[in-house]
Amino acid sequence: MNKRLYIQDVATRDGFQIEPAFVPTEDKIALIDRLSETGLAKIEVTSFTSPKAIPNLRDAEEVMRGIRRVPGVEYTVLVPNVKGCERALACEVDEINLVMSASDTHGLANLRMTPEQSLEQFKAIIEVTRGSPVFVNASLSTAFGCPFEGEVPPARVMALVQQLLDIGVQGVTLCDTTGMADPAQVERLCRDALRRWPEAVFTAHFHNTRGMGLANALAALNAGIDRFDASLGGLGGCPYAPGASGNICTEDLVHMFQRMGLDTGVDLDRLLQCAADLPLLVGHDVPGAVLKAGTSDRRYPKPAWMEG
């Protein structure tokens, strides 16, 4: 089974946005440049949002203009509104990522908008992109459950995906924002989405809040998903979602897929070197497991008494 998988790292946006301390601009650029050399398919560089809303990403332009772009790597940014889209287009990004929620309560808590209001705003943003080569992706938060409302009916998720595609969105990310999904649910929803819209570009985005992140990624893979968001070191969370913890860890995900004989295109050793520098960068330990334990082909010396 040599299916090509596309690994997309979101650490410098999803991870850095909620860190207690601001990561210096030159450090962000240096990390992105190193990540660009690992074979990742896509890097979510930053968010073109209001500096007041997310002070940690107030250097979006400087970072986007300062990185060294590697051919074959797509550089995407989160865009919350028309102004943010205009700023992103001025930096010649490859992709803009729009964010909305599948549930009313989370949408209002996170974005001050219902899903319907988000869709109206998206239309205006997409209008601004006309004539540019930028790819338009939309991330659908709480697609597998809402921390306020509980279950989000699959029919609701499918209806929103249809509306997104109808207004000109090219790719849709199905997001388990607070780690509520289970593998059976993931496989059902992803399989249904791929069956309905075989031409659309779907990405799976999981959080490891309840320890099911990699199991859910495997379920999405079994359903036919080939694009996965993950975060170096397992950084990340959601400032407007109670109980959210980090995204699934990029190096752990790559390690799992490679152990299974799948082609991720990623140099795991290089990726682990990037992850090893994260604790110093953010000032605390990170959740990644493979970084701590080593890859599973690591071997230890036999006890001394066996060598006699």
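Helix H7 passes helix H8 in a right-handed crossing, a crossing being right-handed if the near helix is turned clockwise from the far one by less than a right angle, and left-handed if anticlockwise. The structure is a predicted model, in which local features need pLDDT of at least 70 and side-chain atom pairs count only at pLDDT 80 or more, while totals for chains, interfaces and linings use all residues. Residues are numbered from 1 along each chain as its sequence is written, and side-chain values use heavy atoms, with hydrogens and water left out.

H7 and H8 (residues 183-196) pack at an angle of about 35 degrees, with their axes 11 Å apart; axes are lines fitted to C-alpha atoms, for helices over the stretch in contact, and angles run from 0 to 180 degrees between N-to-C directions. Helices (H or I, at least four residues) and strands (E, at least two) are DSSP runs, numbered from the N terminus. On the H7 side, Pro 154, Val 157 and Met 158 meet Leu 189, Asp 192, Ala 193 and Arg 196 of H8, where contact means heavy atoms within 4.5 Å. By class, this contact of H7 with H8 has five nonpolar, no polar and two charged residues, with Ala, Val, Leu, Ile, Met, Phe, Trp, Tyr, Cys and Pro counted as nonpolar, Asp, Glu, Lys and Arg as charged, and the others, Gly among them, as polar.

H7 (residues 154-166) also packs with helix H6 (residues 115-129), at an angle of about 15 degrees and with the axes 11 Å apart. This angle makes H6 roughly parallel to H7, since angles under 35 degrees count as roughly parallel, over 145 as roughly antiparallel, 65 to 115 as roughly perpendicular and the rest as oblique. From H6, Pro 115, Glu 116, Leu 119 and Phe 122 make the contact, and from H7, Arg 156, Leu 160, Gln 163 and Leu 164; the classes are five nonpolar, one polar and two charged residues.

Helix H9 (residues 213-223) and helix H10 (residues 250-259) pack at an angle of about 50 degrees, with their axes 11 Å apart, and are therefore oblique to each other. Leu 214, Ala 217, Leu 218 and Leu 221 of H9 are in contact with a set formed by Asp 252, Leu 253, Met 256 and Phe 257 of H10, and seven residues of this contact are nonpolar, none polar and one charged.

A search of the whole structure finds one cavity of 30 Å³ or more. On a 1 Å grid over the protein atoms alone, a cavity is a set of points where a 1.4 Å probe fits but cannot get out, and a pocket is an open set with protein on both sides within 12 Å along at least five of seven lines; lining residues have an atom within 4 Å of a point. The largest cavity has a volume of about 90 Å³, a volume being the space filled by probe spheres set on the points, which are joined across faces, edges and corners. Its lining has one nonpolar, seven polar and four charged residues.
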